[in-house]
Number of protein chains: 2
Amino acid sequence: MARVKDPGEKSPSSIQAEVQAAVALCRQRGGHVTPLREAVLTALLSARGPIGAYDLKERVSDAVGRPISPASIYRALDFLIAQGVAARIESRNAFVASEHPGHDHTCILFVCDACGSSSEIENETLERLLAADARELGFSIDHRVIELSGACAECRTPAK
Amino acid sequence: MARVKDPGEKSPSSIQAEVQAAVALCRQRGGHVTPLREAVLTALLSARGPIGAYDLKERVSDAVGRPISPASIYRALDFLIAQGVAARIESRNAFVASEHPGHDHTCILFVCDACGSSSEIENETLERLLAADARELGFSIDHRVIELSGACAECRTPAK
DNA sequence: CACTCAATGCAACATTGTAGCATTTGAGGG
DNA sequence: CCCTCAAATGCTACAATGTTGCATTGAGTG
């Protein structure tokens, strides 16, 4: 249930480690991790939470020293999402690095309206409930989107 | 757990009845139902499922005999959603008339990738689970988005 | 080295959603 | 009945997000 909180950016070294872990995971799965894809992943992880594709484009362009087109950003994101190391937040048109890559099951995403941070959790019971509802409807689920917005713990008790 | 299925459009008379019911509900709540808002609601109900804002704009423009701007459509949709008689499908950038207006609690939305139909259901147990998860995180939930995409019963067993 | 296929570059475009401000409409008070 | 005021709408332009098509590059393979 790892949290994303820290105000400001993460420390470069910890990001580096996370990038390497995610890259290794992708390669284990036969994914072809290119410099651009790694740059996009690094930018995603460097952001302290969800980030829009065009903001990401700016950061990646700065990082690699040349302009990257939106199409390239979206393609890299497609790859990272397919590999399970990134996720799209539908209700925000934004993207976020997955907090626990390697887990295929769908996460429940809590997004704070105040600070923009996000938390991923998993809940097997809830997934079983959804599966049961689907069965009752005769519906076969491909993809799940579960996004809750509101105020995170920090933003609810700012002073303490 | 009402279904939306019928291929093609609904019968005009039943739509008329649904529009009137939704309009009455809005008025009970103190909502100001204008001709434009009613026209948008009618167009939403006439569609056999989720519909994009710009498609809606075309239909409403045709219906009222003059061009309606996107801004007006979005404003009408905001009203209808606030009144609980319409919903936005985040994962599709589309809108749908609510199947059981009057219920404030969040619905779980099943959207068929094949035929585009959608079904709303409610699940109290699931809501309690989400509330429990939120409590554990110290998170205060404002808004819920639960959207499942896949294949509906009809599209899974086309011949039968 | 040549071939091939995935990945990227690049440009133009499509779709979705908003901002700002003028104008109209409609409910309620005089 | 008319006035007034706020809400709703019209309207224009624009912002943000996402995609298509095709040329080019580059890494791995025979």
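## The contact between the chains

The contact between the two chains draws 32 residues from chain B and 32 residues from chain A, where two residues are in contact if their C-beta atoms, placed from the backbone, lie within 7 Å. This is a predicted model, in which local features need pLDDT of at least 70 and side-chain atom pairs count only at pLDDT 80 or more, while totals for chains, interfaces and linings use all residues. Residues are numbered from 1 along each chain as its sequence is written, and chains are lettered from A and ligands numbered from 1 in the order in which they are written.

On the side of chain B that touches chain A, β3 (108-112), β4 (118-121), α5 (124-137), β5 (140-151) and α6 (153-156) of chain B each supply at least two residues. Helices (H or I, at least four residues) and strands (E, at least two) are DSSP runs, numbered from the N terminus. The largest contribution to this side comes from β5(B), with 12 residues. By class, this side has 16 nonpolar, nine polar and seven charged residues. Ala, Val, Leu, Ile, Met, Phe, Trp, Tyr, Cys and Pro count as nonpolar, Asp, Glu, Lys and Arg as charged, and the others, Gly among them, as polar.

Strand β5 (residues 140-151) of chain A and β5(B) run antiparallel and are joined by 11 bridges; two strands pair if DSSP finds at least two bridges between them. Within β5(B), B:Val145 is the bridge partner of A:Glu147.

## The surface near DNA strand D

Of the 18 residues around DNA strand D, those that come nearest are A:Ala71, B:Thr34, B:Leu36, B:Ala71 and B:Ser72. A residue is near a strand if its C-beta atom, placed from the backbone, lies within 6 Å of it. The element that gives the most to this surface is α4(B), with five residues. By class, the surface near DNA strand D has 10 nonpolar, six polar and two charged residues.

## The fold of chain A

Chain A has six helices and five strands.
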